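Me: I have a structure to go through with you. Let's take it in short steps, one question at a time.

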Amino acid sequence: MELKKLTIAEFKKIASFVYEKTGIHLEESKLGLLSNRLRKRLRALKLDTFNDYFKLIQSKEGYEQELPHFLSAVTTNETYFFRNEKLWEYFSNDLIPNFIKMKGSGSKAVRIWSAASSTGAEAYTAAILLRELLPNFNSWNVRIIGTDISKNVLDAAKAGVYNTYALSKTSKERVERWFKPVGDDFELKDEIKKLVTFQFHNLRDKFPNGRFDLIFLRNVLMYFDNKMKKQAITVVSDALAQGGHLIIGDVDPIRTIPELNEHMKLDYIRPGTYFKPGVNSKESQAQKQLVTK
Ligand SMILES: C[S@@+](CC[C@H](N)C(=O)[O-])C[C@H]1O[C@@H](n2cnc3c(N)ncnc32)[C@H](O)[C@@H]1O
């Protein structure tokens, strides 16, 4: 039996389910795309109607199995190492020297969260740079967490094996230093892998173990409506330590949308970067100057 397009009513039912579970907002303009993608899923699952599919995803097990397919129908997991070169220059030239200056004589602990990490390239890029730039690296306590809503990408992140596309912006020297070839792909060396852990997290929920020095929240807000964007901003802002930085990325929707700009309680530093002031305002001003100079 040839399946037609989703009807508007079916689309709305699925879209509201996706929204409830993930915060991802599906515009009606996605109806054709979603129909095509779901048709493939129906064939793969040997289901006859969209309604059967809807029933399946409403069960706990069906939802867990289908979530990655849903997500790839409506978002992209696109990510690669050193995505947005300018940002990583800022990370290397300002943020890491800031860590060294502020923490070098204290706890020497650095906590980073890559929220919506996809397959882990962002978290591991941070790990590589910290490994290269922190002086006397073994005296530092570095903890990097990558989180995502999709189990498939988290499994790939844990495996740490990447194709040449994911490494297209990584220098040959770095690939040779930090990866080992596996067939046509490249696997991160344990020295870097062990710095990063991956776990499930939905950006609509509070993150339990907060107090991060740096949080990346890049290339995910665009899938959310303003309500969910605000929720995600609150979740990451709450998880930042005082004196910590939030990196939204170069496509920063916050400054251009008054409702979001008003909601953002962190200080703006530079395009896509925000700062959480400390209790001691003098100290936090010094930190802020250090990174903005
Ligand atoms: C385009 S990738 C971004 C990867 C990486 N941050 C980067 O910029 O390269 C978007 C990721 O957001 C994840 N995602 C979508 N909705 C989410 C949610 N509610 N909570 C956590 N992750 C979510 C998707 O599974 C996908 O892996």
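Me: How many residues of domain 1 are in contact with domain 2?
Reply: This is a predicted model. The domain assignment gives domain 1 as 8-74 and domain 2 as 85-292. Contact here means heavy atoms within 4.5 Å. On the domain 2 side 10 residues take part, and on the domain 1 side the number is 11.

Me: How much area do domain 1 and domain 2 bury between them?
Reply: Carbon and sulfur atoms make up 54% of the buried area. The total for domain 1 and domain 2 is about 920 Å².

Me: Which elements give two or more residues to the side of domain 1 that touches domain 2?
Reply: By class, that side of domain 1 has six nonpolar, three polar and two charged residues. The elements that give two or more residues to it are helix 1 (8-22) and helix 4 (60-74).

Me: Which residue puts a backbone N or O atom 3.1 Å from a nitrogen atom of the ligand?
Reply: The ligand is surrounded by 22 residues, and Thr79 and Asp148 are among the closest. Thr79 has a polar side-chain atom 2.6 Å from a ligand oxygen atom. Asp148 also has a polar side-chain atom 2.6 Å from an oxygen atom of the ligand. The backbone atom at 3.1 Å from a ligand nitrogen belongs to Arg218.

Definitions and conventions:
Residues numbered from 1 in each chain as written. Predicted model: local features only at pLDDT ≥ 70, side-chain atom pairs only at ≥ 80, totals over all residues. Heavy atoms only, no water. Domains from an automatic or database assignment. Buried area = accessible area lost by both parts, 1.4 Å probe. Helix = DSSP H or I, 4+ residues; strand = E, 2+ residues; numbered from the N terminus. Nonpolar A, V, L, I, M, F, W, Y, C, P; charged D, E, K, R; others polar. Near = heavy atom within 4 Å. Polar contact = N/O pair within 3.5 Å; in protein donor to acceptor, adjacent residues only side chain to side chain.
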